[in-house]
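Reader: I am new to reading protein structures, so please take me through this one step by step.

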Amino acid sequence: MKLRRLHNKMLGVAVLTIAALVIFQQPTLAASCCGGGSGTSLILPKFSKAMWDLSFDYETYDGFWDSRGNWVADPPGSDLNQYRLNLGYAHRLAPRWQASVSVPYVWNQNQYANLQRDTSDIGDTSVSVWYEAFDKIMCVWDVNSWEDLMPAVYWGAGLTLPTGTSPHDDVQDNFDITGRGAYRFDLSLLLDKTVYPWNATFSANYGRYLERSVNREYGTFVEPYDKQLGDRFNTSLSFGYTYFTDAMESLTTTLAYAYLREDQARIDGATDPTSGFRKESVALTVAWATADRDWVTKFTWSHAAKENGWGRNFPSTDIFTVGISHVLR
Amino acid sequence: MYYVKKLILIFSTLMLLGCGDMMDDLDPSGSDNRLPVVAGSTGNMPGQIVADFSLKDSLDSDFVLSDHLDGGASRADVVVLYFTMWCPVCLAHSDHMLNTIVPSFANRGDVVFALVDYVSGSVAATRAAERANGFANSAFITLSDVNLSVFDQLNGAMGSVVVVDSDGTVLMNEDYRNGVALSAVLDQQLP
């Protein structure tokens, strides 16, 4: 019985780690023409002390959705890519509390018919605090009572720091951009339920940017004004299946759907009707965890359908991510 | 504790590496740091006179700025140049200009509204992009800045708009934002 509980605990940690890695690969506003490169949140497995996460994103652009939601191709001869190296660390503060930080480094590679720009800089940094509204592993092998269906519930608060290069910095042009240029506060909810070998997670996040002063656009000083980016909402739903080897290593495959929306910005208090965007995407993740669940290696492919109606005012991209996480007990 | 210290060290290093630009956003300034310009001098800032230039439009015809200024064959009260790279932001701005700004001033003088394409690299590609984005046969003239000459001359950027008065004076050179500033300039300038 004790062995079974230990087994459950280990599996719970493994599955949740992988689920959290998948669910918090939030779609970034990545186009170098629009800013991007924000970090992602990390969730530390229950009962572990800390976790390192290192991942590398390759995001390739292929067209965009206009303000009516119609998909439009990029100009002929263009090849637009962004690469991000993300370094994350999560640390347990108390049995129910944890904190994390994620810092990306961003490379923009933009090729047009008569223009090529390769630039790089640090992206926007994310800092998060999470509260776990449960004390024991919520993963079960069998459902024998309604309590077995209770999910693990996490409440999160986050702060995005504008450490990236924004249009309001001393930049040459939009190709230099690696960040949004404004602080953002987020409130998050994560629900996670595992009935072996199946897993489901749901996340929702609401963020509000702080208003800021602007006195420079693309390196040129302008008459100062105040700007507030629109509120941001994103949610995702994922389902996963875990296969265990005889040596208790695990291979988890997860399918996720993500929805991202940002409302219209305000300039000197007036709405900017040309801003705001929406994006829907699906993602497939394959994650491999060692038997002791201390190391997780993952690969994710996030895809946005190049069809009308899957987005608005936003680039359509494919994101390929490889990463590794190390959990410290 | 060891890991916390390590993290702080890494984070501090990253902050220091990029602190030049980073501080502009971490502690944004609302000060007016615009440099004074000599009115009537040649340049791209408001108050300066823009040097003449010539570009091909998407139909392979010549567009010479001075033709649309005082004394030119096709004088306009104002020339509006919008720099586009056919991106979501550019398209949102262009649509807004076409559907809101252009109709608002349709009966107030002569205005040239031009999209300056600085990424397509050829007149044919500019024509294709203009069509793909729905601006063929619109109120816009689409100009092909193949060598980025006007982009550099006017210190252009994605989504920036330059307004030139009929005497060649730059009235505005900044991001389009929500179109309010452009509308105000046109309202003040047009009969």
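Predicted model: local features only at pLDDT ≥ 70, side-chain atom pairs only at ≥ 80, totals over all residues.

Author: Gladly! Residues are numbered from 1 along each chain as its sequence is written, and chains are lettered from A and ligands numbered from 1 in the order in which they are written.

Reader: Is A:Glu59 buried or exposed?

Author: A:Glu59 lies in strand S1 (residues 50-65) of chain A; helices (H or I, at least four residues) and strands (E, at least two) are DSSP runs, numbered from the N terminus. Around A:Glu59 there are 24 other C-beta atoms within 10 Å, so it counts as buried.

Reader: How many Å separate A:Glu59 and A:Thr321 in space, C-alpha to C-alpha?

Author: Along the sequence, A:Glu59 and A:Thr321 are 262 residues apart. In space, C-alpha to C-alpha, the distance between A:Glu59 and A:Thr321 is 8.5 Å.

Reader: Which residue in the turn between S10(A) and S11(A) has a positive phi?

Author: Strands S10 (residues 212-217) and S11 (residues 220-228) of chain A are antiparallel and share five bridges, with A:Glu217 opposite A:Thr220. S10(A) and S11(A) form a hairpin with two residues between them. In that turn, the residue with a positive phi, of about 50 degrees, is A:Tyr218.

Reader: Which residue of S14(A) is the bridge partner of A:Lys227?

Author: S11(A) and S14 (residues 266-267) of chain A are antiparallel, with two bridges. In one place A:Gln228 stands opposite A:Arg266. The partner of A:Lys227 in S14(A) is A:Ile267.

Reader: Which peptide bond is cis, with omega near 5 degrees?

Author: Most residues other than glycine have a negative phi, and most peptide bonds are trans. With omega near 5 degrees, the cis bond is the one from A:Tyr196 to A:Pro197.

Reader: What positive phi does A:Asn313 have?

Author: A:Asn313 lies in the loop between strand S18 (311-312) and strand S19 (314-328) of chain A. A:Asn313 is buried, because 23 other C-beta atoms lie within 10 Å. Although A:Asn313 is not a glycine, its phi is positive, at about 60 degrees.

Reader: How many residues of chain B take part in the contact with chain A?

Author: Two residues are in contact if their C-beta atoms, placed from the backbone, lie within 7 Å. Chain A brings 53 residues to the contact, and chain B brings 50 residues.

Reader: How many residues on the side of chain B that touches chain A are nonpolar?

Author: Here Ala, Val, Leu, Ile, Met, Phe, Trp, Tyr, Cys and Pro count as nonpolar, Asp, Glu, Lys and Arg as charged, and the others, Gly among them, as polar. On that side of chain B, 13 residues are polar, nine are charged, and the number that are nonpolar is 28.

Reader: Within what arc do the buried residues of H4(B) fall?

Author: In H4(B), the buried residues are B:Val123, B:Ala125, B:Thr126, B:Ala129 and B:Glu130. The arc is that of the directions from the helix axis to the C-beta atoms. Seen down the axis, the buried residues of H4(B) line one face of the helix, because they fall within an arc of 160 degrees.

Reader: Against which strands of chain B do the buried residues of H4(B) pack?

Author: Chain B has six helices and seven strands. The strands of chain B that the buried residues of H4(B) pack against are S1 (54-57), S4 (111-117) and S5 (140-144).

Reader: How many residues does the largest nonpolar core have?

Author: A nonpolar core is a set of buried Ala, Val, Leu, Ile, Met, Phe, Trp, Tyr and Cys residues joined through C-beta atoms within 7 Å. Among the residues with the most contacts inside the largest core are B:Val80 and B:Val116. The number of residues in this largest core is 58.

Key. Buried ≥ 20, exposed ≤ 12 C-beta atoms within 10 Å, placed from the backbone. Pairing = 2+ DSSP bridges.
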